[in-house]
Amino acid sequence: MLSILKELKGKERTTQDLDRVYDFVKDNLCMASIKDIREQLGMTLEEFMAKFRDYIIRNYELISGGKEGIVKEGVLYGIIRRKR
């Protein structure tokens, strides 16, 4: 994972970076915490959501739970799984 962070140092984060980090942090059920992905990318929550919120909604299943994430209709979705 350290190599991804070194590659990203000083660079704009892309959706490809998000997908690569997701593949690294996901568990054996293919679920990953938005907080873990955000921290691995070295972004604040505000930066992360501004950049990736819409991409995550289109390309990932939202699962309720977690400590931070996307709030829809009063529910916090802090865990994601790539759509098939």
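Angles of 65 to 115 degrees between directions count as roughly perpendicular. This cut-off applies to the first view below, and every view is taken from a predicted model.

**View 1. Packing of helix α3 against helix α4.** Helix α3 spans residues 34-41 and helix α4 spans residues 45-59; their axes lie 10 Å apart and form an angle of about 100°. The two helices, α3 and α4, are therefore roughly perpendicular to each other. On the α3 side, the contact is made by I34, I37, R38 and L41, which meet L45, F48, M49 and F52 of α4. Seven residues of this contact between α3 and α4 are nonpolar and one is charged, while no polar residue takes part.

View 2. Three strands form an open sheet in the order β1-β5-β2, and their pairing is antiparallel.

**View 3. Aromatic rings around Y22 and Y60.** The count of aromatic pairs comes to three. For Y22 and Y60, the ring centres are 5.0 Å apart and the planes stand at 70°, so this pair is edge-to-face. The pair links distant parts of the chain, with Y22 in helix α2 (residues 15-25) and Y60 in strand β2, 38 residues apart. Y22 has a relative accessibility of 1% and therefore counts as buried. Y60, also at 1% relative accessibility, counts as buried. Ring pairs link Y22, Y55 and Y60 into a cluster.

**View 4. Surroundings of I79.** I79 is located in strand β5. Its relative accessible area is 23%, so I79 is classed as partly exposed. Leaving aside residues up to four places away in sequence, I79 touches M31, A32 and S33, together with E61, L62, I63, S64, G65 and G66. The C-alpha atoms of I79 and D36 are 9.5 Å apart in space, although these residues are 43 residues apart in sequence.

Key
Residues are numbered from 1 along each chain as its sequence is written. This is a predicted model: local features need pLDDT of at least 70, side-chain atom pairs count only at pLDDT 80 or more; totals for chains, interfaces and linings use all residues. Side-chain values use heavy atoms; hydrogens and water are left out. Axes are lines fitted to C-alpha atoms, for helices over the stretch in contact, and angles run from 0 to 180 degrees between N-to-C directions. Helices (H or I, at least four residues) and strands (E, at least two) are DSSP runs, numbered from the N terminus. Angles under 35 degrees count as roughly parallel, over 145 as roughly antiparallel, 65 to 115 as roughly perpendicular and the rest as oblique. Contact means heavy atoms within 4.5 Å. Ala, Val, Leu, Ile, Met, Phe, Trp, Tyr, Cys and Pro count as nonpolar, Asp, Glu, Lys and Arg as charged, and the others, Gly among them, as polar. Two strands pair if DSSP finds at least two bridges between them. Rings of Phe, Tyr and Trp (its six-membered ring) pair if their centres lie within 6.5 Å; planes under 30 degrees apart count as stacked, over 60 as edge-to-face and the rest as tilted. Buried means under 20% relative accessible area, exposed over 50%, partly exposed in between (1.4 Å probe, protein chains only).
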